[in-house]
Amino acid sequence: MNWLVIPIIVLVILTIAAAIYAVISKNLLYAVVSTGVVSLGLSMFFFILQAPDVALTEAAIGVALTTIIFIITIRNTTEIECCDEKKSKIDVKKGGEK
Amino acid sequence: MMKRFFIFLILAIVGYYIVDVVSQIPFGENRVNVGDYYLDKSPSELKVSNTVTAIVVNYRGFDTLGEVTVLFLAATGLASIMFRRKRKGEKDIRAKKASSRIIQIGSQILFPIIILLGAYVFIHGHLSPGGGFQGGVIIATASLLMLISYRKFKVNHSTISWIESIAGIVFVLLGVTGLILGKTFLENFLPTGELNNLLSGGIIGIIYVAVGFKVAAELTGLIDTLLLNNRPEANKEK
Amino acid sequence: MMNEFLMISFYGTAIALILIGLYATLAKKNLLKIVIGLSIADSGLNLLFMAIGYVKDGTAPIFSAEVVGKNVVMVDPVPQALVLTAIVIGFAVTAVALSLVMRLYRHHNTAAIDEIKNLKW
Amino acid sequence: MVISPVQYIAIPLIAAFLIPLFGKLNKELVRIIPGLVLLYLSYISVVLMNQVISQNTMIVEIIAGWRPPWGINLVFSPFSGFLASLFSMLGFIIWMYTYNFKREVEDAQTEKFYVLMMMLITGTIGIVLTGDIFNMFVFLEITAISAYSLTAFYRERDGAEAAFKYLLVGSFASFFILLAIVLLYSQVGTLNMADIAQKMPDVNPYMKGVILMLFFVGFGIEAEMFPLNGWAPDVYTQAPGPIGAIFAGMVVKAGIYGLVRVIFTLFDVHEIFPLLMIMGVITMAVSEVIALRQGKLKRMLAYSSIGQMGLVLVAFGIGTHEAVFAAIFLMFNHAVIKSLLFLSGTYLVYHSKEKNISDLDGIGKSLPFTSFLFALGSLAIVGLPPFAGFWSKLYILMAAADVRLIAVIAIILAVSVVEIVYYFRVLHRIYFRERISTIEIKIPSFNAKISMLILAIVIIVIGVYPDLISGLIERAATDLLDKQHYIQSVLSVGLH
């Protein structure tokens, strides 16, 4: 019964942390890779939930394909999230980070 | 500032209700629902051991037809959105520089293996986990590997659209055949065979193979469209 | 006890992912971040659906040779089939969204929502 | 092969998969095939509608040989069948309009345009015909993805921006709808709509309320309900003209169909009616006032479209048989009239860069036929007799009077005055100003003229003889309100 507890706790923390990092990271490439990690965690969740079909799909589509098309998009556009110079200047004045 | 406040307000409301509702749904309980019927009938009548496949291809096969159409439309729409007129003398350039020799050889070795794996996955969709979608995606990954390691590897769009169209038409026509034979759309009209046998499940296996080809072709086309656009000078277009 | 633990971890993760995703979609100014948010929210929804279909001590709904003829509890196969569909649809929407992002970038040379304002937002 | 509702989906799908192949043979086939498909759909609509009305039944078609609730089924009831017929016929007319439209677009793009347009129409037909809630979601996505791609079709406009906005809002809509479906499945354990309706009384009311609100928000976005309609004006402005007509005529109607099917059949919760009515009134009042201030023709039409949708919601919110009848009548009228306005309006501002109303000065003399049809559409949509729009508005007012909703009547009348003001402002410019602008004029092609003429004739004929169609609508309203009959017909299929 209990052998699953620790892996699940790790998985929960990993997935949520990756999701949060995907949202806050300023570098889009990192954000995309952590979205892939979220998918990977999800795929393991599906495996634990006795859904090998869905786990396989999520691994193939969520982890591989989605990440790839995101990366292609980033290569075509830009890697840095923040483009709003005015706002970052205000942040500096307020003594925000950097 | 105001906007941020509103966002948190909305999230708080949505979050509160979702948490409240979801916590009332008992976890791990065996509810009485349509799933039991499928678990009961799928091995005994359809002779399909993977119940999920039976649902995806047969009981809710219409959904799958729609799903394949969604992918088809996404590939079409993406090509329409990304379409650009070619300037004079312009050629399709993909990656800036060719990959290293090691990657090229590696992907050459891996390519057939991945294709085989994909084919295995979608041929055995009714027996083991996996099926047309998963297998199709795996094959698309193989061609992606070739695309990024070889600069000159060209996807033949004509072949792709033939595969795509034929696979799609096979799917719909198998459905219509049921209709012509006096049954219903997408109904099984072939003998179902033995459980856990490769040739079982009637049209389910055939449909899943068609789905596999279609998904593979669509995704390969989709990735190629995205990659063809992948060049810095294209960004400067106004 | 174990059941409560599983319930909290699965439902909790699902809801957390949904809220994180929705937050990113609503608050972020970068087009790609918005798309990432959508995809995370979708993932959370899929997880929620799978968790709802779980049956305690159930096995995967596959009648392989070892299982046939025995009386085993299986998890609900319907959510699995539906989530399969939902994942593929989510991918299709993401692909279209990304192609739109690229086209917007071509035109405006930026991916920030604040600077793409030919139309009213 | 017997004619059955599944052909509504199967035939366009085969055609859509074939078009890329035929495109290699002959460029013209790409344009012709969708027309043939839509013509065939119109034909089966007539046959099936005739069958449904004369035998007083609904056609329930099982798919994959599993009867409901286990398999997916299509329901061709008087209401869904009416809308499906409307969509296929209107689709055919709009196809006729597009046949020679924008010949300068590249062949590769033309092919995609027709595939997407046909699938957009098929998706809306699928939404109204399906009897399974998850299948409805799938068709919603088919509609949505074709809609996003078509919105961004022109590269020289800001289509991508509008499309991204639409995609964002549309994804929210599908997210909420999917969440509602998930929660619903956890409560009733089935996805068939009739089965859900039957099991609904056992669900606890709190859960029911939350799920209904999720559906309400989700379909409300698709149905352009306030305040979730920010996407609509941009999408209408940026999309190609005929696609704007499809959005106003079909996509939004399909959203309304989903909303009322969920409210009336699935949940049957009467507490939601006042909310529906209030949202309708707000939507109507706000958008018509905004429409008054618009300088661009298509934006004005878009806001007017939102306003009319508000009126439909008000009528459904009243909830009586007469009101539902009036609402469906208005849905029909709005689909026809707004399509005509979009189709003719597209040619009026064809070469204008800004698409401003001020570019229309004196165009009545240079484009007499198109301007006349636009004027006719404007008169019809504000509800002047003897046009079709008059009857629906009258019926709605009568239905409101029956239940003594004086305030609602007053608001509807006030809003109608606003509508008259802004439509007449445009007509004034078209007919009573001198032409000063030097913008080139595009003469509509012959087939475009025919298609607009057909719509205009429909408007006049229905205006003079509303009884031609009110029988069908009467049956549709009865069907929508009779939940038990729906449940019985669907669940008893294939029993014997």
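Along its sequence, chain B follows the pattern α-α-α-α-α-α-α-α. The model is predicted: local features need pLDDT of at least 70 and side-chain atom pairs count only at pLDDT 80 or more, while totals for chains, interfaces and linings use all residues. Residues are numbered from 1 along each chain as its sequence is written, and chains are lettered from A and ligands numbered from 1 in the order in which they are written.

**Chain B**
- The secondary structure of chain B amounts to 8 helices and 0 strands, where helices (H or I, at least four residues) and strands (E, at least two) are DSSP runs numbered from the N terminus.
- Of the 238 residues in chain B, 50% are buried, that is, 20 or more other C-beta atoms, placed from the backbone, lie within 10 Å of the residue's own.

**Chain C against chain B**
- In chain C, 44 residues are in contact with 45 residues of chain B; contact requires C-beta atoms, placed from the backbone, within 7 Å.
- The largest share of this side of chain C, 17 residues, comes from α3(C).

**Helices α3(C) and α6(D)**
- Helix α3 (residues 77-108) of chain C packs against helix α6 (residues 159-188) of chain D at an angle of about 160 degrees, with axes 9 Å apart; axes are lines fitted to C-alpha atoms over the stretch in contact, and angles run from 0 to 180 degrees between N-to-C directions.
- α3(C) and α6(D) are therefore roughly antiparallel, a term for angles over 145 degrees.

Terms used. Angles under 35 degrees count as roughly parallel, over 145 as roughly antiparallel, 65 to 115 as roughly perpendicular and the rest as oblique. Two residues are in contact if their C-beta atoms, placed from the backbone, lie within 7 Å. A residue is buried if 20 or more other C-beta atoms lie within 10 Å of its own, exposed if 12 or fewer, and partly exposed in between; C-beta atoms are placed from the backbone.
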